[in-house]
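Dear colleague,

Please find the structure below.

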Amino acid sequence: MKKDILEKGAILQRDRETYAIAPHIPGGITDTATLRKICDVADKYRVEAIKITSAQRIALIGIREEDLDDIWTDLAVTPGAAIGLCVRSVKICTGTTYCKRGVQDSVSLGLKLDSIYHAMELPNKMKMGVSGCMLSCAESALKDIGIMGTSKGWRIMVGGNAGARPRIGDLLVDNVPTDEAVLEIVAKVIDYYKNASNQNRIGRIIEEMGIERFRAEALESREP
């Protein structure tokens, strides 16, 4: 019986024979050369379908197992962490870089988070979202770590998820003034989570211990 191939970023499809892969496209921001390469590879290997995913990636669907290595070689890009116990994605809206409604630079902050955390192994899967305003186009409230821009800085939420039992994240801290301060707080949360005895997703941990205790323990200063 075939199954997902974690080391190749390959997800077994409904036919139980072919696979889907998703090259990593940080923030969903790319260029025409990359798009042409993906199309050329899809044509060369007769990929069944191409799909824009909710994680801002481009999935190639219907790949034969024997073609996986050659396809990754031809693409010459990093696989997206679509499976596994890790940071699956950092979803980013266009923020003040492009959007007329943006109040904070979600692209800059989101790409910093992506470069640090994408594919990092953790006790369970994790998703992040960075939105440049409270319209929250990156669905930040439904992410394990969600960040939203306000006129006073950044709002950080934790414990959100979609899935069979969806959950809105809890407010961790508000009015964070700088990207650097956000990165410090996220690092503390990740450090706390990596060392937690409870290996559920963050939302389930918060349900058990409460947001006040989670906030106090996750944000406390740690000795270097």
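Helices (H or I, at least four residues) and strands (E, at least two) are DSSP runs, numbered from the N terminus. This is a predicted model, in which local features need pLDDT of at least 70 and side-chain atom pairs count only at pLDDT 80 or more, while totals for chains, interfaces and linings use all residues. Residues are numbered from 1 along each chain as its sequence is written, and side-chain values use heavy atoms, with hydrogens and water left out.

The sheet: four strands form an open, antiparallel sheet in the order E1-E2-E4-E3 (two strands pair if DSSP finds at least two bridges between them). Strands E1 (11-12) and E3 (49-52) are at the edges with a single partner strand each, so one side of each has no neighbour in the sheet. E2 (residues 19-21) and E4 (residues 58-63) are joined by three bridges; Ala 20 has Ile 61 in E4 as its bridge partner.

The helices: H2 (residues 68-75) lies across E2 and E4, at about 20 degrees to E2. H1 (residues 32-44) lies across E3 and E4, at about 5 degrees to E4. Axes are lines fitted to C-alpha atoms, for helices over the stretch in contact (heavy atoms within 4.5 Å), and angles run from 0 to 180 degrees between N-to-C directions.

Regards
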